[in-house]
Amino acid sequence: MAQKFRKIGVLTSGGDAPGMNAAVRAVTRAALARGVEVMGIIGGYRGLIHDELIPLTSGDVSNKIQLSGTFLYSDRCLEFKEEAGMQKAIATLKKHEIDGVIAIGGDGTFRGATDLSARGIPTIGIPGTIDNDITASDNTIGFNTAMQSVIENVDRLRDTCESHARCNVVEVMGRGAGDITINTAIATGAVDCVIPECPFDEDACVEKIIRLRRAGKRSFLIIVSEAFPELGEALVKRINNTTKELAEKEGNDRLWVESKFCRFAHLVRGGTPTLSDRLLATKMGVYAVDELLAGKSDLIVIEQNGELASMNIAYSQVLDRMYKGTLKEGMLDKFTAEQIADMEAFIKAKKETFAKTYAMFEEITG
Ligand code: F6P
């Protein structure tokens, strides 16, 4: 028989993401509606170690759905990675008679969720990260808002590029994933983008800008993933120098495409959560509560083709590594041949979809 839950904890951990508050609200309201008390854990896993928790009532999560950041605060807690830190966290949970935890964050947060599950605390993860780098899920909370922020700001750069016939190279977050980059490159009409998933031909990029400038194009945008921290500024220099030399050689100063670099960084991690992030956060929050109260643990909530489901955390971590090509020896040992075949098929399909998106971008990008 499933355990009777009287009280659960909810935390946000890792890089904050717009929509985390909406998820905390949904978790709180869904749990209260099922007769379960909720404790908000302050500052992610650090709050568990240092016993910083607050009871959450329905009123406490009122007027939060539209707010970005996380009112529970967030942290990347190194102490929680050590057994001693984890034991302190478990002691806090026992002291407050918390029967289970919902942890909202990215892959680091889910490692913590697995650690708690393994020590007898049922824990469910909800993907909240702008990076969209939880391979099993089509979307993570915050991804849509971050992309919206990118396109709004790139559109502003476009305005001034067009006036001055310039190029702006914009670096955007996403850690090792190019999802924000490719989608915003498409949506802003960028001439090129640089992502970890596909090769970048710098010569072809510069040639393209020259060809388009000769044809009269005035504004050029290139979106670069933060996975290439040096590349953006170097590319700006190259476009500046190459087009300036060409302009001088041909005696045509119109060929000089003056280029500027802009790193958006944390700018796109704030801002009002979009409709789709609020909906995703709300649905995932309620789903996570249902899974936890049904006696499940060590799972993350995922969205695939518009439907929510849950997946074992270790399984989802293998998918992440398969996708990035960072699997280490022994990581597949605990999975059956059938599971591995399913994982491989999933990754193949995901990569094909990404490649198609990239091919489409290349085709329609002038
Ligand atoms: O994982 C979210 C993220 O915003 C990444 O895109 C970025 O690489 C990282 O966090 C930045 O972390 P911090 O907020 O610690 O600087």
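**View A. Lysine charges over aromatic rings.** In this predicted model, the ring of Trp-256 has the charged end of Lys-244 sitting over it, 4.6 Å from the ring centre. A second example involves Lys-351, whose charged end sits over the ring of Tyr-323 at 5.7 Å from its centre.

**View B. Tyr-45 and Phe-80, a stacked pair.** The count of aromatic pairs in this model comes to three. One of them joins Tyr-45 and Phe-80, with 4.2 Å from centre to centre and 10° between the planes, and the pair is stacked. Tyr-45 belongs to helix 2 (residues 45–49), while Phe-80 sits in the loop between strand 3 (53–55) and helix 3 (83–95), so this pair links distant parts of the chain, 35 residues apart. Are the two partners buried or exposed? Tyr-45 counts as buried because its relative accessibility is 3%, and Phe-80 counts as buried because its relative accessibility is 3%; the cut-off for buried is under 20%.

**View C. Tyr-315 and Phe-335, an edge-to-face pair.** Here the ring centres of Tyr-315 and Phe-335 are 5.9 Å apart and the planes meet at 85°, so the pair is edge-to-face. Tyr-315 is part of helix 10 (residues 313–324) and Phe-335 is in the loop between helix 10 and helix 11 (337–364), so the pair ties together parts of the chain 20 residues apart in sequence. Tyr-315 counts as buried, at 16% relative accessibility, and Phe-335 is buried too, with a relative accessible area of 11%.

View D. Which residues surround the ligand? They are Arg-76, Thr-129, Ile-130, Asp-131, Met-173, Gly-174, Arg-175, Glu-226, His-266 and Arg-269. Arginines are worth a careful look here. Arg-76 places a polar side-chain atom 2.4 Å from an oxygen atom of the ligand. For Arg-269, a polar side-chain atom lies 2.7 Å from a ligand oxygen, and for Arg-175 the corresponding distance is 3.2 Å. The ligand taken alone exposes 400 Å², and the protein buries 74% of that.

**View E. Thr-109 in helix 4.** Thr-109 is found in helix 4 (residues 107–118) and is buried, with a relative accessible area of 2%. What does its side chain reach? The side chain of Thr-109 makes a polar contact with the side chain of Ser-13, at 3.3 Å. Leaving aside residues up to four places away in sequence, Thr-109 touches Ser-13, Gly-14, Tyr-45, Ala-103 and Ile-104.

**View F. Thr-70 in a loop.** Thr-70 lies in the loop between strand 3 and helix 3. Thr-70 is buried, with 11% relative accessible area. Not counting residues up to four places away in sequence, Thr-70 touches Thr-12, Asp-16, Met-20 and Asn-21.

**View G. Ile-182 in helix 6.** Ile-182 sits in helix 6 (residues 179–188) and is buried at a relative accessible area of 2%. Its contacts, again not counting residues up to four places away in sequence, are Cys-193, Ile-195, Phe-354, Thr-357, Tyr-358 and Phe-361. How far apart are Ile-182 and Phe-361 in sequence and in space? They are 179 residues apart in sequence and 8.0 Å apart in space, C-alpha to C-alpha.

Terms used:
Residues are numbered from 1 along each chain as its sequence is written. This is a predicted model: local features need pLDDT of at least 70, side-chain atom pairs count only at pLDDT 80 or more; totals for chains, interfaces and linings use all residues. Side-chain values use heavy atoms; hydrogens and water are left out. Rings of Phe, Tyr and Trp (its six-membered ring) pair if their centres lie within 6.5 Å; planes under 30 degrees apart count as stacked, over 60 as edge-to-face and the rest as tilted. Helices (H or I, at least four residues) and strands (E, at least two) are DSSP runs, numbered from the N terminus. Buried means under 20% relative accessible area, exposed over 50%, partly exposed in between (1.4 Å probe, protein chains only). A charge sits over a ring if NZ of Lys or CZ of Arg is within 6 Å of the ring centre and within 35 degrees of the ring normal. Contact means heavy atoms within 4.5 Å. A residue is near a molecule or strand if one of its heavy atoms lies within 4 Å of it. A polar contact is a pair of N or O atoms within 3.5 Å; within protein, one must be able to donate a hydrogen and the other to accept it, and residues adjacent in sequence count only if both atoms are side-chain atoms. Accessible areas come from the Shrake-Rupley method with a 1.4 Å probe; for residues, only the protein chains shown count as cover.
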